[in-house]
Amino acid sequence: MHPVAMAEATQKRTHWAVWLGLLLTVLGLAGNAVSFARLSSVAFTWLIMAVPVLGAMFLVLGVVPAFRQPQAYRGKLWGSILAALSLLLCAASVLLFVFTRQLPSSRGAPQVGRRVPEFTLPDSSGQPVSLSQLLAGTSGATPPKGVLLVFYRGYW
Amino acid sequence: MPVAISVDPPEVSAHLRKTQGYTFLFLSDPKAEVIRRYDLLHPRAGPEDNDISRPAEFLLDSTGTVRWANFTEDFRVRPGGQQLLAAAQSLK
């Protein structure tokens, strides 16, 4: 290899923004995967939506120098591939955020101070259970101070 | 006492209770009739394009009156133990 080319090759480096962008993208991917676990907070969902967006930004910022100053920065090919993938992930992250927030307004649902409608539904062994039964408690024992109804999507 | 309600049929809830070791009550509303009555229906949001419930929690006192209600804006976000305990304290 020509001595000048060798010198140039050793001086070429990957722009720091590529590494930061890569880290943020991986964190964002992991974050979105675990966000379906029980302990997500509202703040966390905003965070892991934004992290891949930042990751894509930094990756693009870090790949541009490889084209503008190719003698100083490397990563034209694999940097571009990573940047493209991170943009896809960024879009997916935003779409996921929008999707999990598309819930009905439920304006007609029972509010604080109102009595809830009575119901009778089968339990996991098929036995019918009524709300008034639950509120009254099992015979002999003291009635419970309250009942927590937890409506969930199912299909866990 | 917590009561979990969804469109899952009794067999599915029984399996969930067994595998997760839950001891609280699970009730099945496969046609989403009670879910509808409580205005919690999330049409076609299930994996088979079926109607399911949106997530919601209601703390009732012994008269069946709502003392605390929670309607999450994001189905990944659920009330934690602390939040539920704090709500339960208000029943004393």
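Chain A comprises five helices and three strands, helices (H or I, at least four residues) and strands (E, at least two) being DSSP runs numbered from the N terminus. The structure is a predicted model, in which local features need pLDDT of at least 70, side-chain atom pairs count only at pLDDT 80 or more, and totals for chains, interfaces and linings use all residues. Residues are numbered from 1 along each chain as its sequence is written, while chains are lettered from A and ligands numbered from 1 in the order in which they are written. For the complex, the predictor gives an ipTM of 0.96 and a pTM of 0.87. Chain B has a mean pLDDT of 93, with 99% of its residues at 70 or more; pLDDT is the predictor's confidence in each residue, from 0 to 100.

Read from the N terminus, the elements of chain A follow the order α-α-α-α-β-β-α-β. The radius of gyration of chain A, taken over C-alpha atoms, is 27 Å, well over the 15 Å that the globule rule gives for 156 residues, so chain A is more spread out than a compact globule. The globule rule is 2.2 Å times the number of residues to the power 0.38. Along the principal axes, the C-alpha atoms of chain A fill a box of roughly 95 × 30 × 25 Å. Of the 156 residues in chain A, 31% are buried. A residue is buried if 20 or more other C-beta atoms lie within 10 Å of its own, exposed if 12 or fewer, and partly exposed in between, with C-beta atoms placed from the backbone. Among contacts in chain A between residues at least 6 apart in sequence, 61% join residues at least 24 apart; two residues are in contact if their C-beta atoms, placed from the backbone, lie within 7 Å.

The contact between the chains involves 49 residues from chain A and 58 residues from chain B. On the side of chain A that touches chain B, two or more residues come from each of helix 3 (42–68), strand 1 (120–122), helix 5 (131–136) and strand 3 (146–151) of chain A. Strand 3 of chain A gives the most to this side, with six residues. By class, the side of chain A that touches chain B holds 27 nonpolar, 14 polar and eight charged residues. In this classification Ala, Val, Leu, Ile, Met, Phe, Trp, Tyr, Cys and Pro count as nonpolar, Asp, Glu, Lys and Arg as charged, and the others, Gly among them, as polar.

Strand 3 of chain A is largely enclosed by the rest of the structure, because six of its six residues are buried. Both of its faces are covered, with Gly146(A), Leu148(A) and Val150(A) buried on one side and Val147(A), Leu149(A) and Phe151(A) buried on the other. Strand 3 of chain A runs parallel to strand 1 (residues 2–6) of chain B, to which four bridges join it; two strands pair if DSSP finds at least two bridges between them. In this pairing Leu149(A) stands opposite Val3(B), Val150(A) opposite Ala4(B) and Phe151(A) opposite Ile5(B). Strand 3 of chain A also pairs with strand 5 of chain B, in the antiparallel sense and over six bridges. Here Gly146(A) stands opposite Asp61(B).

Within strand 5 (residues 56–61) of chain B lies Glu57(B). Glu57(B) is buried, with 21 other C-beta atoms within 10 Å. Apart from its neighbours within four places in sequence, Glu57(B) is in contact with Leu148(A), Leu149(A) and Val150(A) of chain A, as well as with Ala69(B), Asn70(B) and Pro79(B). The C-alpha atoms of Glu57(B) and Asn70(B) are separated by 5.1 Å, although the two residues are 13 apart along the chain.

Strand 1 of chain B is mostly covered, with four of its five residues buried. Four bridges join strand 1 to strand 2 (residues 25–28) of chain B, and these strands run parallel. Ala4(B) has Phe26(B) as its bridge partner in strand 2 of chain B. From strand 1 the chain passes through helix 1 (residues 10–20) to strand 2 of chain B, and this β-α-β crossover is right-handed; that is, with the strands pointing away from the viewer, the path from the first strand over the helix to the second runs clockwise.
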